[in-house]
Amino acid sequence: MNEIHKLYQQLRQRLPQLELRQDEPMSRHTTFRVGGPAALMALPRQTEELVEAVKLARAWEIPTVMVGNGSNLLVDDNGVNAFVIKTVPQYAQCHIEGENMTAEAGILLSQLANQAAQAQLTGLEFAHGIPGSLGGGVTMNAGAYGGELKQVVTQVGVLTPTGEVEEWDAQRCQFAYRHTAFSDGENLVLWAKLHLEPGDGQEIRDKMKDLAGRRREKQPLDFPSAGSTFKRPEGHFAAALIDQCGLKGLRVGGAMVSEKHAGFVVNVGGATCADILRLMDQVRERVFRDTGVELEPEVRYLK
């Protein structure tokens, strides 16, 4: 009996209400719609369940991965021999007190932005169209249209590798461009506190509507993808470099460089993880050859 099966049995005994799935296809949990099975997945309803499940897994020394909406995730075709914790948006709590919001990791950034707008708080408009969760967004310091989560996050609830739950201030989180102290997956984001500013409700909604229109106009939202495939190189824009190299429409299997926005690799039908990785490699090699700029993947690869 392997350790993951032993963990499954122990979780069943210790947390009988916890939803568990064995050999769960990760293609159901990524916006790319690719990925083989996770050996074991848990979908906790409460933060306490999540913390206890991770502690048990770490006691068995089983690799543990926390995922949200899977919007920045590429999972290997062979799956992942690990314990995957999936945060579910409908279980995530959010509280607003004055100009401050406290929300659990599973809430979608779009939901969070909507709640801020309803409370007439400004500062999260940029996040309305980002398809990820708060936990994933904090982990990578998600941003769009000049805004980043580091601008509004003041504290983060953290599950440490030793099983302690701590509250870190923003400075300790080491927010940088698409990188934080959580990027290596050792410390897990449980919740975050955000400070916003009072604003005019109509102006906030108008800005969100404008950004949504710009997103629809420029991005290939009709195909599965993980958003921007590559990070922005210093002094350049990845999409412009890829377009400059004539790579729009380049295809490997079911994966294609979007003809609408060169910064996106999209699944045009039946793409595999291997297709996407090969296409990304071809793009990086061609851009480096023609421009001397080395592109770094923004999408997280899990195997």
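Predicted model: local features only at pLDDT ≥ 70, side-chain atom pairs only at ≥ 80, totals over all residues.

Visitor: Which residue in strand 5 stands opposite Ala38?

Guide: Strand 5 covers residues 80–86 and runs parallel to strand 2, with four bridges between them. Along this pair, Met41 stands opposite Val84. For Ala38, the residue across in strand 5 is Val80.

Visitor: Which strands stand at the edges of the sheet?

Guide: Strands count as paired if DSSP finds at least two bridges between them. Four of them make an open sheet with mixed pairing, in the order 1-2-5-3. Each edge strand has a single partner, so one side of it lacks a neighbour in the sheet; the two are strand 1 and strand 3 (64–67).

Visitor: How many of the seven residues in strand 2 are buried?

Guide: Buried means under 20% relative accessible area, exposed means over 50%, and partly exposed is in between (1.4 Å probe, protein chains only). Strand 2 spans residues 37–43 and is mostly covered. Of its seven residues, the number buried is six.

Visitor: At what angle do helix 1 and helix 2 pack?

Guide: Axes are lines fitted to C-alpha atoms, for helices over the stretch in contact, and angles between N-to-C directions run from 0 to 180 degrees. Contact here means heavy atoms within 4.5 Å, and Leu7, Gln10, Leu11 and Arg14 of helix 1 meet Glu52, Ala53, Leu56 and Ala57 of helix 2. The axes of helix 1 (residues 3–14) and helix 2 (residues 47–59) are 10 Å apart, and the angle is about 145 degrees.

Visitor: How close do the axes of helix 3 and helix 5 come?

Guide: Helix 3 is residues 109–118 and helix 5 is residues 201–218, crossing at roughly 150 degrees. Ala113, Asn114 and Ala117 from helix 3 touch Ile204, Arg205 and Met208 from helix 5. Their axes come within 9 Å.

Visitor: Is Glu61 buried or exposed?

Guide: Most residues other than glycine have a negative phi. Glu61 isn't a glycine, yet its phi is positive, about 60 degrees. You'll find Glu61 in the loop between helix 2 and strand 3. With a relative accessible area of 72%, Glu61 is exposed.

Visitor: And what about Arg178, buried or exposed?

Guide: Arg178 is another non-glycine residue with a positive phi, near 55 degrees. Its place is the loop between strand 12 (165–169) and strand 13 (188–195). The relative accessibility of Arg178 is 14%, so Arg178 counts as buried.

Technical notes. Residues numbered from 1 in each chain as written. Heavy atoms only, no water.
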